[in-house]
Amino acid sequence: MKPTDISAPDYFHKVVDCQWACPAHTPVPEYIRLIAEGRYSDAYMINWKSNVFPGILGRTCDRPCEPACRRGRVEENPVAICRLKRVAADFKDDIKHRLPRPGPKNGKRIALIGGGPASLTVARDLAPLGYHCTVFDQDPKAGGMMRSQIPKFRLPDSVIDEETDYILNLGIDFKGGQRIDSLKQLLAENYDAVFVGSGAPRGRELDIPGRKEAAANIHIGIEWLSSVSFGHVEKIGRRVIVLGGGNTAMDCCRTARRLGGADVKVIVRSGFDEMKASPWEKEDALHEDIPILNYMVPVAFIHDNGKLTGVTFQKVKAEYDAKGRRNLVPSGEPDETVVCDDVLVAVGQENAFPWIEADCGIEFDKWHMPKVDPTTFASSNPKVFFGGDAAFGPKNIIWAVAHGHDAALSIHKMLSGEDINERPLPEVHVSSQKMGIHEWSYDNDISTDKRFKVPHRDKVIALKDIRAEVELGYDLKLALGEAERCLNCDVQTVFTAPLCIECDACVDICPMDCITFTQNGDEDDLRQRLKAPSPHHDQALYVADGLKTGRVMAKDEDVCLHCGLCAERCPTGAWDMQKYLIDMVHAGSTCQSKARSAA
Amino acid sequence: MTYIAKPKFHHPGLKKNELGYTHRDYEGKISTLCAGCGHDSITASIIEACYELSIEPHRVAKISGIGCSSKTPDYFLGNSHGFNSVHGRMPSVLTGANLANRDLIYLGVSGDGDSASIGFGQFAHSIRRGVNMTYIVENNGVYGLTKGQFSATADRGSKSKKGVVNTDNAIDLVAIALQLGATFVARSFSGDKTQLVPLIAAAIQHKGASFIDVISPCIAFNNHAGSTKSFDYVREHNDAVNRLDVLVGREPIHVDYAPGTVQVVEQHDGSRIALRKLDADYDAHDRLGAMTFLQKHAAKGQIVTGLLYVDPEAEDLHAHLNTVDTPLNALEAKTLCPGSAALDKINASLR
């Protein structure tokens, strides 16, 4: 293998699995260390800079970081990264004075369609630079789907208010209750740029017999959630069926439980394990006595002269073809009719752009989605940018934030007369954490604690009040325990071959058998000859040559605990623990820095 | 030294031996020796050898004297018996323990000060008696604990860290062990585990006095230019006569070396080692030849390593003394002390 180029900005970034997996590349270990130190406001600000909505995301994020967390490969469960983010938000001091201020106006006007996470991110990045940002939303208050679709018992209004206000107070012109029905008209108002962050607002229909006749008791999930959220709907029938297996279905069933649904069932086509809902959301639903029935395909709504009485399902089973693709085929069992009073349909969301006229210069693809550049988020109209669910279909908040940052950068570059396709490289800092002979600036003693559970409100009380937040969040003691579980993967093991005397001290002390000194070979061969062979090609091998015996040092990054014992036991300082920080480029970051201090 | 304990987590793909243990289960406490000490590599090699042989930790007694080397039994086999004895007295404590309980595996761990100076006589007598043990000397050529004076194994002409030249002749423990009749004699280097681990495993399986001299650089006081026990010097002057593979169990041997270069040695207990010759002229069954070879190469400044001599038909002290098969500590008082009538009988036979 070729020696590893650790100065490539991505190399160490990938080692910080959580940060690499986060669409916004939040420096997770950095803020978790701050939480452990009790510096909640600092931890909050790191989050705020990168993901804009720490309090909201700390309750609702889809957490792509957690399945990636190295801890999950070392023991049973990853670090509760998401809920630690909430800790930073819950325990911070007043941080208003640390927020950016509206810059002197530069005379450029930006229109943002939709007041959800994508638009608000764009506005936050651009307003301090002097842009005049106008945000339009059909609802009276900002937040978009975060406010309309996520139940209050998961995300209280106060949290949304606080974090949307941080942005709106940057001098943003928020036009609530103003729905944009014509892009053409908006374009005619001569904005310098338009950002479309209008989400994926349409719930998918389930067009099966009985749908029209029994319509009074069949509700589209996201529309129903939104009506509940704004207080237009306050009760539902006693027996409720929720169709669909995504997170919206989980929100629907739990909401129904609080509005009079005593017998609420979720019924899904697929198997339980293949459901789209996050495992923890399924757990929460099951905890509230909501059974999830699987392998049942709805075939008809049953009604008595227009009064819904039940849903008939065909029983299916999963079969896999030669290519491993799953097909649901009838199992041969008789159809089953499940009685109910109301049905909530949560079988997916769609984009809809009836308000974009054909002559606006925006090209659409065959799936009726706008053609959007995945890097710049530009559409075929050079003034119009897309982001969030409006760009590539339904994802989640953290993706919308990531899109927002990139779109804001494009808008800023475009309006500064630069080429939006030239994306500046992030700035990377790598610095030694050595404080003494065996002292490091971080706590390298590995905690063996299991993942701490987040305390929940008592079920009986929680189910009575739709606004009572179910999760109470970690207290400081639990938060400290959970923070200590973080392996500090951003504190990198950096090897300097010319200093190495090949004494094997690092090999002997490494608790995870990560380090091997051996003859070089191609990657497959080398992976087999490691002290603990590693078949996981997605995890890098760190290879260094230039040793006296002609061997190479090969370190498998996969399960390294970053405990620093290799560096502690190294007599010559060939190993060092160096903290890697990457500064993602946002609009208005200082120009691309060439001074990158890698090891 | 390191202040934190070695984390309990281990690699999820770690292999287990016949007993279901990983090599991590053979560890002891975290080492308090200097970072990079050769002794820690020997510790790791002992751990590896015991793991590979699937030795039950409670069947091992590790006995040491005083010195950096003699601290190391604390760092391996944390679930075995241990005795940290008086300076240089490991061999007699080990001999006594062995007499009382012949069923245990005895690991004697010592250093060049412990065995070549204060305990030189003890070393000699345990070897000449053929105590069934694995006697490992962690040989760094200096007194590390007292800041680097030459020890008795330091080569004449080698330089101390301060630049002083050693004018005394060196004791070659391997030569002495050969002369005193050790039935398994090897030399190795802490920086070469592929050689050291099988040597330790073979020595543990050998029934009789096994002696391994392991050159182990002292990072703090004997790893400089002018030292003959530094990493660089040993790597440059290492003349390995053979390589071992220890064959556990009775599975067929896969020989993928050139014909004539591999010799399978079957020991008394049925255990086997495959000896891969690197030097075609070297015969590991020839005690006299080994002594000559050793002296010739030493004169050329070469450090001969490998399995230097093995007597597969070796006998141990218990065979010499014709003791009972049952360990003495397992015999009842009545058997151990048969009473005055038996004594009278013996006395009568001597009149």
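The predicted model has a mean pLDDT (the predictor's confidence in each residue, from 0 to 100) of 94 for chain A, where 98% of the residues reach 70 or more. Among the elements of chain A, mean pLDDT is highest in α8(A), at 98, and lowest in strand β15 (residues 349-350), at 88. Over residues 591-599 of chain A the pLDDT is below 50, although this stretch has 15 contacts in the model beyond near neighbours in sequence. Where pLDDT is low, the predicted coordinates should not be read in detail. In this predicted model, local features need pLDDT of at least 70 and side-chain atom pairs count only at pLDDT 80 or more, while totals for chains, interfaces and linings use all residues. Residues are numbered from 1 along each chain as its sequence is written, and chains are lettered from A and ligands numbered from 1 in the order in which they are written.

Chain A contains 22 helices and 24 strands (DSSP runs numbered from the N terminus, with H or I over at least four residues for helices and E over at least two for strands). Its radius of gyration, taken over C-alpha atoms, is 26 Å, close to the 25 Å that the globule rule (2.2 Å times the number of residues to the power 0.38) gives for 599 residues, so chain A is as compact as a globular protein of that length. The C-alpha trace of chain A spans about 90 × 65 × 50 Å along its principal axes.

A:Arg83 lies in helix α8 (residues 81-91) of chain A. A:Arg83 counts as buried because it has 25 C-beta neighbours inside 10 Å. Apart from residues up to four places away in sequence, A:Arg83 touches A:Gly58, A:Val454, A:Gly473 and A:Tyr474 (contact meaning C-beta atoms, placed from the backbone, within 7 Å).

Between the chains, 29 residues of chain A are in contact with 24 residues of chain B. On the side of chain A that touches chain B, α7 (71-74), α20 (505-509) and α22 (565-569) each supply at least two residues. B:Phe9 is placed in the segment before α1 (38-52) of chain B and is partly exposed, with 18 other C-beta atoms within 10 Å. Leaving aside neighbours within four places in sequence, the contacts of B:Phe9 are A:Val74, A:Glu75, A:Ile446, A:Pro511, A:Met512 and A:Leu561.

Definitions and conventions. Two residues are in contact if their C-beta atoms, placed from the backbone, lie within 7 Å. A residue is buried if 20 or more other C-beta atoms lie within 10 Å of its own, exposed if 12 or fewer, and partly exposed in between; C-beta atoms are placed from the backbone.
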